[in-house]
Amino acid sequence: MILDIEQDVNRFKHIVRGKIRKDLKKFMSKGEMLGRKGRNVVSIPLPQIDIPRFKFGSQQAGGVAQGDGEEGTPIGGEPGDGTGSGEAGNAPGEHVLEVELTLEELAQILGEELGLPRIQPKGHSNVVAEKDRYTGISRVGPESLRHFKLTYREALKRQIASGTYDPARPVVIPIKEDRRYRSWKSKPRPERNAVVIYMMDVSGSMGEVQKEIVRTTSFWIDTWLRSQYNGVETRYIIHDAAAREVDRDTFYRTRESGGTLISSAYKLCQKIIDEEYDVADWNIYPYHFSDGDNWSSADTRDCLDLLEKFFFPRVNVFSYGQVESEYGSGQFLKDILEKFPSHDQLLTCKIEDKEHIYDAIKVFLGTGK
Amino acid sequence: MDTPPDTTRTPEGTTAHRRNPHASLTVIGNDRRHELPPEIQALVEEIREYAIEFGLDFFPTIFEMLDYDEINQVAARGGFPVRYPHWRFGMSYDELSKGYTYGLQKIYEMVINNDPCYAYLLKCNEITDQKLVIGHVYAHCDFFKNNMWFAHTNRKMLDQMANHATRVRRYIERFGLERVERFIDACLSVENLIDYYAPHIKRHPDKDDRFTGREAESETRSQGDGVNGVYKLRSNRRYMDKYINPPEFIEEQRRKLREEREKARRFPPEPQRDVLQFLLDHAPLEPWEYDVLSIIRDEAYYFAPQAQTKIMNEGWATYWHTTIMTQRALKDSEVIDYADHHSGTVAMSPGRLNPYKIGLELFKNIEERWNKGQFGKEWEECDDLQARRNWDRKLGLGRQKIFEVRRIYNDVMFLDEFLTEDFCIENKLFVYDYDRRTGQYVISSRKFGDIKKRLLAMLTNFGNPVIEIVNGNHENRGELYLVHRHEGVDLQVDYSIETLKNLAFLWRRPVNLETVIDSRPVLMRHDGKEFKSTPMKQ
């Protein structure tokens with residue numbers, strides 16, 4: 001009985017998001033509650049749909065309230081008559097954080113909006129790796145699986161215990177309770193764990209705008225993957241002519257300048273995977289963002305080689321997002337697509353500007369891999 | 001919570017059996033998780049004894065224990081575990097659960113007007129809190145049972161709500177969610193167009209009686225002297241007739257008859273405040289629509305007295321929880337927790353009016369005054385401040401008086417009679433208004449007269465504008481014609497336009513509303529598609 005409220009809540013949320021009952025959209029208002037989360041004051045959006053009815057114009061109604069102040073003193077905001085619990089969560093002037101939705105809700109919305117399929121973790125579809133081994137014993141089973149020796153051993157034990165065993169005339173006849181059968185044990189599936197390796201080109205050609213695009217895209221990807229896997233690890237690599245692993249903050253803040261050797265990043269990525277992430281246990285998602293201006297075609301060849309020989313056999317999906325910059329040539333994307341025009345483990349996308357982030361996410365997450 | 005409550009001792013007067021005797025009600029399923037743990041059950045019984053001792057009188061009350069999420073769900077549905085499916089309950093739940101998550105509000109209890117009364121306690125509450133809450137609940141139950149404004153409410157509403165839900169679900173299955181939902185939205189739009197006094201007054205005779213009754217009346221009334229149907233007093237002697245039935249008298253009777261015939265032709269004969277009933281009677285509704293509208297109307301009437309007595313009811317409950325706690329139930333060790341909770345309940349936050357506080361203070365004030373004899377002609381006429389302050393006739397009528405008040409009054413009457421200047425000053429009440437120049441609400445007065453006037457205005461018709469149907473066949477085109485009885489405050493125009501649209505949707509023909517906007521009389525009209533507003537002659 002109580003679960004039903006979810007139906008009503010979902011209906012409400014769908015209306016608020018404008019997916020259904022668009023006629024109600026005009027009655028929507030975005031109220032807010034001020035609450036506390038730890039030390040911070042947070043603003044909790046409270047969408048309201050106000051069914052129209054005959055009511056007094058609020059502009060004129062006024063009211064009665066309580067407090068200090070002389071005639072003419074303004075009273076804060078939009079007063080109303082409150083009820084009961086007198087906690088006033090209002091603390092004007094404090095820094096207010098916006099709490100839109102929990103990350104789970106965010107991921108859920110993302111999934112719905114983009115029609116993202118649930119990711120099939122690697123272990124699942126890999127039948128070869130999972131074997132049933134007949135290492136167990138059971139008391140029941142089909143005759144084809146009967147364990148001869150153990151059955152007789154049980155029978156023998158029973159007969160000795162009950163004294164019916166005659167060493168002079170050893171006749172052992174098993175009864176139903178003695179029977180033993182082989183049975184199988186499933187090999188444990190690999191844990192649904194994921195590691196995401198973000199690689200970003202931070203050469204001189206990647207400006208703030210480009211980094212912003214990368215940051216936004218990777219946030220959404222991160223949120224989505226977190227909702228699909230129990231534990232998501234993230235590694236960050238930045239590169240120009242050389243690559244190094246960094247932490248999250250540095251990843252987004254660095255402004256190097258220098259040439260661009262994409263292979264440096266790929267090689268470092270390879271090293272990390274080799275050393276720390278066993279393919280059997282991990283679902284690996286490398287993401288590379290760059291403006292596509294590699295140093296030389298020789299270097300590009302190396303990259304493509306690495307992709308072919310190392311990455312594709314190990315990763316779930318390799319994604320490449322090319323952001324546009326005035327200085328970049330965008331050559332790398334062309335090269336990659338030339339070599340692998342339709343590899344189902346390769347995802348590429350051109351992210352021209354902020355508006356295209358949406359499309360990029362759809363591309364990157366849409367395959368359900 | 002794992003040990004089932006002791007079922008061998010059934011507390012007298014309550015029906016807290018282990019197997020709910022009202023099994024068909026399935027409050028939250030026959031779920032033993034919601035049963036009270038033994039120590040709470042003991043508390044309930046203890047406090048019940050105190051409540052009875054103090055003279056509270058209530059229907060058998062069943063307590064159930066819910067966790068914060070369950071109580072939010074029940075609260076979202078107005079206190080009922082089952083309501084018809086609608087997004088508005090999802091919206092309430094969203095607000096309540098967010099409020100809870102961010103520590104802004106916590107519902108401590110929920111109790112509904114029903115026989116038996118059902119009350120929900122919040123699982124995670126401290127024992128002190130539960131005591132306070134149980135006392136509060138019993139007082140609410142007493143109020144529901146004894147306040148006359150609840151006299152005509154359906155005391156089996158718990159079952160009835162479930163029944164409403166089933167009916168609506170059936171229609172959803174047959175006609176589709178969207179169609180039913182849209183219809184419900186339209187009904188909710190006019191949900192407040194009921195006659196708040198109707199249950200207590202028989203406004204117009206039953207439909208069947210309307211014409212036969214009148215005919216019957218005119219038969220008996222006419223004395224047949226050739227003047228059709230005019231009422232005459234008996235006169236035995238013809239020559240006395242002129243004195244007993246002088247011409248003025250006859251003329252008066254004729255006029256009355258004319259008026260009645262006019263009325264009978266007018267449709268409706270009297271302006272109708274119960275717009276929902278009018279729609280039910282005369283709008284071309286499908287059978288399922290008729291049923292859904294009647295459900296909405298029933299529920300509106302059921303909840304109406306609760307809105308009419310909010311301040312009194314909360315004040316009453318707070319008064320009794322404090323009395324029971326401080327005079328009986330509170331242990332020394334619990335004092336601080338109690339004070340903490342209680343003060344939260346009656347806190348006044350700036351810019352708001354706390355019904356618990358106002359109600360409580362007024363009841364306390366009444367009790368003190370009637371104990372001391374501070375009422376009546378002498379008191380009213382006494383100007384001497386000193387004398388008033390020291391006035392104490394030691395009548396001890398306080399308790400008796402508040403019981404009487406709780407029986408008879410509603411919020412409007414309550415404030416009208418018992419709000420005093422001292423009270424306003426002590427509680428720093430003020431009137432605020434919208435200042436167009438600054439675009440803000442500002443304090444406009446602290447004068448007692450203004451405060452009282454404003455409060456009463458806010459409460460009259462429970463904050464709803466008075467709107468009546470005066471003609472169900474306007475211009476002989478089957479259009480609906482309503483009048484807004486303007487008493488100084490304009491309607492919110494944009495909302496009114498949309499509401500008229502919904503009304504036109506329900507009536508299936510154009511609807512007209514006469515009102516006043518910015519001091520100018522206006523006729524608003526909606527034909528379902530378009531809205532038009534035309535100025536009217538003064």
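# Legends to close-up views of a predicted model

Figure 1. Four residues lie between the strands of the hairpin of E9(B) and E10(B), where Gly528(B) adopts a positive phi near 100 degrees. E9(B) (residues 520-526) is also joined by seven bridges to strand E8 (residues 511-517) of chain B, again in the antiparallel sense. Here Glu514(B) is bridged to Leu523(B) in E9(B). The hairpin of E8(B) and E9(B) has two residues between the strands, and Asp518(B) in its turn shows a positive phi of about 50 degrees. Strands of a sheet pair through backbone hydrogen bonds, in either the parallel or the antiparallel sense.

**Figure 2. The three-stranded open sheet of chain B.** The strand order of this sheet is E1-E3-E2 (chain B), and its pairing is mixed. Strand E1 (61-66) and strand E2 (109-112) of chain B are the edge strands; each has a single partner strand, so one side of each has no neighbour in the sheet. On average, and with direction ignored, neighbouring strands of this sheet are turned by 15 degrees against each other. Four bridges pair E2(B) with strand E3 (residues 117-122) of chain B in the antiparallel sense, and Glu109(B) lies opposite Leu121(B) in E3(B). Helix H2 (residues 68-76) of chain B packs on the sheet and touches E1, E2 and E3 of chain B, its direction making about 140 degrees with that of E3(B).

**Figure 3. Burial of helix H2(B).** Seven of the nine residues of H2(B) are buried, and the helix is thus mostly covered. The buried residues are Glu70(B), Ile71(B), Asn72(B), Gln73(B), Val74(B), Ala75(B) and Ala76(B). Their cover includes helix H1 (5-16) of chain A, together with E1, helix H3 (87-101), E2 and E3 of chain B. Just after H2(B), Gly78(B) has a positive phi of about 75 degrees.

Figure 4. The bond from Asp115(B) to Pro116(B) is cis, with omega near 5 degrees. Pro116(B) is located in the loop between E2 and E3 of chain B. Most peptide bonds are trans, and most residues other than glycine have a negative phi.

Figure 5. Glu475(B) is exposed, with 10 other C-beta atoms within 10 Å. Asn476(B), also not a glycine, likewise has a positive phi of about 55 degrees and is placed in the loop between E6 and E7 of chain B. Asn476(B) counts as exposed, having 7 C-beta neighbours inside 10 Å.

**Figure 6. Packing of helices H1(B) and H12(B).** Helix H1 (residues 38-53) of chain B packs against helix H12 (residues 310-329) of chain B at an angle of about 105 degrees, and their axes are 11 Å apart. The two helices are therefore roughly perpendicular to each other. On the H1(B) side, Glu46(B), Ile47(B), Tyr50(B) and Ala51(B) meet Ile324(B), Arg328(B) and Ala329(B) in H12(B). The residues of this contact comprise five nonpolar, no polar and two charged.

**Figure 7. The largest nonpolar core and its surroundings.** Of the 125 residues in this core, Ala119(B), Tyr138(B) and Val292(B) touch the most other members. With neighbours within four places in sequence left aside, Ala119(B) is in contact with Thr61(B), Phe63(B), Glu109(B), Met110(B), Val111(B) and Val137(B). Another core, of 49 residues, lies apart from the largest one and has among its members Ile197(A), Met206(A), Ile213(A) and Cys303(A).

**Figure 8. The buried strand E12(A).** Strand E12 (residues 318-323) of chain A is mostly covered, with six of its six residues buried. Phe318(A), Tyr320(A) and Gln322(A) point one way from the strand, whereas Ser319(A), Gly321(A) and Val323(A) point the other way. E12(A) runs parallel to strand E11 (residues 282-290) of chain A, to which four bridges join it. Phe289(A) has Gly321(A) in E12(A) as its bridge partner.

Technical notes. Residues are numbered from 1 along each chain as its sequence is written. Chains are lettered from A and ligands numbered from 1 in the order in which they are written. This is a predicted model: local features need pLDDT of at least 70, side-chain atom pairs count only at pLDDT 80 or more; totals for chains, interfaces and linings use all residues. Two strands pair if DSSP finds at least two bridges between them. Axes are lines fitted to C-alpha atoms, for helices over the stretch in contact, and angles run from 0 to 180 degrees between N-to-C directions. Angles under 35 degrees count as roughly parallel, over 145 as roughly antiparallel, 65 to 115 as roughly perpendicular and the rest as oblique. Two residues are in contact if their C-beta atoms, placed from the backbone, lie within 7 Å. Ala, Val, Leu, Ile, Met, Phe, Trp, Tyr, Cys and Pro count as nonpolar, Asp, Glu, Lys and Arg as charged, and the others, Gly among them, as polar. A nonpolar core is a set of buried Ala, Val, Leu, Ile, Met, Phe, Trp, Tyr and Cys residues joined through C-beta atoms within 7 Å. A residue is buried if 20 or more other C-beta atoms lie within 10 Å of its own, exposed if 12 or fewer, and partly exposed in between; C-beta atoms are placed from the backbone.
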